[in-house]
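Here are my notes on the model, point by point. Have a look with the structure open beside you.

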Amino acid sequence: MLFNDSLLKGYFPNKWKFSSVKPVFKKGARSNVENYRPIAKLPTIAKFFESLVNKKLSKLIERYIVHQQHGFRRGKSTVTNLSEFTTYALKGISAGFQVDVLYTDFAKAFDRVNHKILFAKLRNYNIPENLIAWLKSYLSNRRQFVRYGNSDSTEFTVNSGVPQGSHIGPTLFLLFINDLATHLGDDVYISLFADDVKIAKIINSTLDAASLQSAINKLKEWCDTNELHLNLSKCEVLTLSHKRNNVSTNYNFGNHTFEHVNQHKDLGVLIDQKLKFNEHIEAITSKATAALGFLKRFCFDLRDHQTLKVLFYTLVQSQLEYCSVVWMPYYDIYKRKIESILRQFTMYALREYPNQSNGYRITPYKERLSLLRMQSLERRRINTSIRFMYDIIYNNIHSPFLKSEVSFNDNRRNLRHTQLLKLKNHHINYSQSSPLNQMCKYSNIVSDLFLHPISRTKFKNILNRLDDDIFD
């Protein structure tokens with residue numbers, strides 16, 4: 001009754017707008033307040049209420065959100081964002097061109113949303129007036145205080161932005177930034193994950209570079225109009241290419257010239273100039289090795305295999321598998337480097353070490369995995385890539401771009417000498433090591449699973465039961 005009355009009157013109770021803010025460290029120097037993200041700790045009943053409203057609002061506006069937006073959307077994720085971008089870039093590189101990409105960083109984007117501009121945009125999405133009135137009440141006159149440790153700041157009123165830590169805040173931000181992609185036009189590739197925006201262009205001449213600069217000029221227009229500005233010191237340009245001689249261009253944002261870099265961490269994945277991900281693999285194996293060392297030191301007396309596995313999955317394996325379909329290693333040297341970390345863990349969990357007493361012999365790796373009921377990291381990556389292809393084909397992942405890159409073989413009945421899936425626009429270099437091609441390659445090995453629709457759970461269970469040897 002309370003919720004219905006609130007929606008009917010378009011009024012959000014003031015007591016539900018009062019919240020504490022917890023600063024969460026992002027990166028950089030901990031002594032710099034700019035390196036913290038303010039997360040609002042909202043009243044439980046208010047958060048529950050807004051989650052119900054957000055479900056309805058998300059359904060109302062889903063058809064209006066541009067396909068380039070991957071943040072806070074069902075069927076989209078950092079994996080789809082990066083998969084689409086790397087596929088686009090690899091096509092350009094394999095055709096002999098370079099790809100210039102501008103990585104942008106908005107300064108305190110969620111906190112600086114102008115409410116007046118936001119509500120002007122909401123009316124373009126056919127949202128009912130009573131809901132707009134309720135959202136106005138929800139955002140206006142919010143009161144907060146900062147809590148850090150045992151200390152509280154004085155109370156202050158928030159006159160802009162959407163609450164970080166709320167359910168409805170991200171949805172409102174998607175609506176606010178939604179017209180950016182259309183404003184930049186179709187001459188460039190644009191991809192968004194909430195406020196993380198990258199703009200790319202396949203460069204074959206100075207005319208292509210001029211087209212990218214034109215899009216950057218439009219970006220500046222949008223920022224000025226919407227009063228949402230870039231943190232220019234964190235914006236970078238990366239040139240992806242296998243060529244020796246590239247088209248060298250400086251890109252400007254007003255009077256500011258963007259810095260050119262050799263690599264950039266894009267949504268947690270390190271992108272290098274040749275898009276080979278070697279440096280990313282070096283980085284994650286280094287972090288995972290340190291995490292495994294921590295686990296070994298602090299769990300020395302712990303002998304329960306299940307508990308050790310949970311700790312390994314959480315602290316170590318998660319670092320080695322994030323977005324693995326994007327950077328899947330092609331060369332054995334990197335596969336072995338990643339696998340060596342699980343090899344070390346299996347010896348530690350079973351307390352098996354080569355020494356003089358056992359003749360420097362230990363149980364073979366495959367047997368250790370069987371004893372611990374674990375799969376090799378390579379097999380897990382293969383399974384993940386096949387499931388990702390399944391989700392693309394059966395629309396569990398909403399990515400028309402990736403789906404358009406893959407086609408079924410017309411002669412599906414005779415697959416003995418042909419492949420079920422094939423890539424369009426085949427290029428020799430592109431077809432060998434690209435993540436999308438590896439997905440197709442492994443999916444073709446289990447092509448029978450794709451011929452008849454089955455549930456995702458059944459697909460996953462059947463896939464896990466297959467022997468490792470079929471993928472060798």
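1. Lysine 15 is exposed, at 73% relative accessible area; the scale here is buried under 20%, exposed over 50% and partly exposed in between, with a 1.4 Å probe and protein chains only. You'll find lysine 15 in the loop between helix 1 and strand 1, where helices are DSSP runs of H or I with at least four residues, strands are E runs of at least two, and both are numbered from the N terminus. Leucine 371 sits 356 residues from lysine 15 in sequence, and the two C-alpha atoms are 56 Å apart in space.

2. A word on provenance: this is a predicted model, so to speak of local features pLDDT must be at least 70, side-chain atom pairs count only at pLDDT 80 or more, and totals for chains, interfaces and linings use all residues. Residues are numbered from 1 along each chain as its sequence is written, and side-chain values use heavy atoms, with hydrogens and water left out.

3. On to the rings, which pair if the centres of Phe, Tyr or Trp (its six-membered ring) lie within 6.5 Å, with planes under 30 degrees apart called stacked, over 60 edge-to-face and the rest tilted. That rule gives 28 aromatic pairs. Take phenylalanine 3 and phenylalanine 48: this pair is tilted, because the centres are 6.1 Å apart and the planes stand at 50 degrees. It joins distant parts of the chain, with phenylalanine 3 in helix 1 (residues 2-9) and phenylalanine 48 in helix 2 (residues 44-61), 45 residues apart. Phenylalanine 48 counts as partly exposed at 48% relative accessibility.

4. Another aromatic pair, phenylalanine 25 with tyrosine 36, is edge-to-face, at 5.5 Å centre to centre and 65 degrees between the planes. Here phenylalanine 25 belongs to strand 1 (residues 18-25) and tyrosine 36 to strand 2, 11 residues apart. Elsewhere, ring pairs tie Phe3, Phe12, Trp16, Phe48, Phe49, Trp134 and Tyr138 into a cluster.

5. Which residues touch the most other members of the largest nonpolar core? They are Leu240, Phe312, Phe345, Ile386, Met389 and Phe450, out of 72 residues in that core. A nonpolar core means buried Ala, Val, Leu, Ile, Met, Phe, Trp, Tyr and Cys residues joined through side-chain atoms within 4.5 Å. A second, separate core has 59 residues, including Ile132, Tyr138, Leu212 and Val237. As for isoleucine 386, leaving out residues up to four places away in sequence, its contacts (heavy atoms within 4.5 Å) are Tyr442, Ser443, Val446, Phe450, Phe459, Leu463 and Phe471.

6. The largest pocket has a volume of about 1300 Å³. For the record, a pocket is an open set of points on a 1 Å grid over the protein atoms alone, where a 1.4 Å probe fits and protein lies on both sides within 12 Å along at least five of seven lines; lining residues have an atom within 4 Å of a point. Grid points are joined across faces, edges and corners, and the volume is the space filled by probe spheres set on the points. There are 42 lining residues, and Lys26, Arg37, Asp105, Asp195 and Asp196 lie nearest the centre. Strand 2 gives the largest share of the lining, four residues.

7. Two residues other than glycine have a flagged backbone angle. Alanine 194 has a positive phi of about 60 degrees; it is found in the loop between strand 7 and strand 8 and is buried at 3% relative accessibility. Phenylalanine 72 also has a positive phi, about 55 degrees, and its place is the loop between helix 2 and helix 3 (78-94).

8. Last, two histidines. Histidine 264 is in strand 13 and is buried, with a relative accessible area of 15%. Histidine 242 lies in the loop between strand 9 (236-240) and strand 10 (252-253) and is partly exposed at 43%. Beyond neighbours up to four places away in sequence, histidine 242 touches Ile93, Lys274 and Lys276.
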